[in-house]
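Thank you all for coming. Please have the sequence and the model in view while I talk, and we will go through one part after another.

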Amino acid sequence: MLDDIYKLIEKFEVIVLARHVGPDPDAMASTMALKDSILYTFKDKKVYNVGSGSSRFTYFGKLDRIENPKNALLIVLDTPDIRRIDGITLTDYEKIVKIDHHPFVEKFADIEYINDKSSSASELVLDLINETPLKMNEDIASKIYLGIVSDTNRFMFNNSTGDTFKKVAKLIDEYKLEIDKLYIPLYLRPINEVRLEGYIGLNLNITKNGVGYIKLTKDLLEQFAVDAASPGNMVNNFNYINEVLVWVFFTEDVKNENIRVSARSRGPVINSLLSKYNGGGHKYASGARIKTMDDTDPIIDDLDFLCKKYKEEVGENFEN
Ligand code: AMP
């Protein structure tokens, strides 16, 4: 299948790369790395990377604007369903490819390359480059490395396999990656976010069965001078708390007039529950968008019940 994707890349002169709304480092890294690799291999192609920008990720490269592409190939990365694709009308394209590591949601592409065991969309791009004549250089390798590091939470999630480590080791050796320098733009953050993280630690509510949750209103975000994307950047840091099995942040997003739900688990599978609430994602890292803070309590209750069932099933093996 990687060969078929390569053949399409080879055939089309205009290629558009898209990813999910509310991009994270893996979405940015995978699309940018693929764009760079295509241009490095085929100097004369026109390759555009679309979607709404985020000042946080400018170090990955510039986004492009494109209108009514003619005879173009669309490659959608890191996105399992149409409603989550950022800024694209599928009908504008002659051929569509999906490259994704989320559990399958719906088919929308001519070629769907999905591996939900893969650590990240960036690792899938690395596979594509490794298995086809697409070329790599240090800059592309750095982007792929950061995408993998970010989506595995520094190799702490169980989506990091022996294979992931082998591939990453090869990248570091071959392209002499200075990983300490690469981490700076990925992990540097304003003191206001650190202060907000402190606030969340002090104020996290914990239900009877181990759901940690916090509701972050617009006023609170203003008080800390952070935006609605900030809490999502720190949700992974609340792992490994004795009393917390599943944790969820509810953040008021005034710009999009909704509440961002960001949930993580170190036990129960949460993505199918979140898909009931206009969301989805990975088994242990899921998100959703809901209308108001009034809609949060049913999610907390459902997650609490899920934790209760999980503890009953796992029984004495449950460690906290
Ligand atoms: P986040 O908590 O925003 O980092 O998201 C965690 C995971 O859930 C990512 O894989 C997202 O793609 C997915 N996700 C987040 N929000 C939604 C949503 N509204 N619908 C479906 N999946 C989502």
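Strands here are DSSP runs of E with at least two residues, helices are runs of H or I with at least four residues, and both are numbered from the N terminus. That pair belongs to the joint between β6 and β7 (residues 211–216), which run antiparallel and are held by two bridges; two strands count as paired if DSSP finds at least two bridges between them. Helix α7 (residues 191–203) packs on the sheet, where it touches β6, β7 and β8 (246–253), and its direction makes about 130° with that of β7. Contact means heavy atoms within 4.5 Å, while angles run from 0 to 180 degrees between N-to-C directions, with axes fitted as lines to C-alpha atoms, for helices over the stretch in contact.

Before going on, a word on the source: this is a predicted model, in which local features need pLDDT of at least 70 and side-chain atom pairs count only at pLDDT 80 or more, whereas totals for chains, interfaces and linings use all residues. Residues are numbered from 1 along each chain as its sequence is written, and side-chain values use heavy atoms, with hydrogens and water left out.

In what order do the six strands of the open sheet lie? The order is β6-β7-β8-β9-β11-β10, with mixed pairing. The edges are β6 (205–206) and β10 (279–281), and each has a single partner strand, so one side of each is left without a neighbour in the sheet. Helix α11 (residues 296–314) lies across β7, β8, β9 (258–265) and β11 (285–290), and runs at about 165° to β7.

Now to the ligand, which is surrounded by 15 residues, the closest being Arg 84, His 102, Ser 262, Arg 264 and Gly 287; a residue is near if one of its heavy atoms lies within 4 Å. A ligand oxygen is 2.3 Å from an N or O atom in the side chain of Ser 262, and for the side chain of Arg 264 the corresponding value is 2.9 Å, again from an oxygen atom of the ligand to an N or O atom. Which elements give two or more residues to the shell around the ligand? They are β9, β10 and β11, and the largest share, five residues, comes from β11.

Conventions: Polar contact = N/O pair within 3.5 Å; in protein donor to acceptor, adjacent residues only side chain to side chain.
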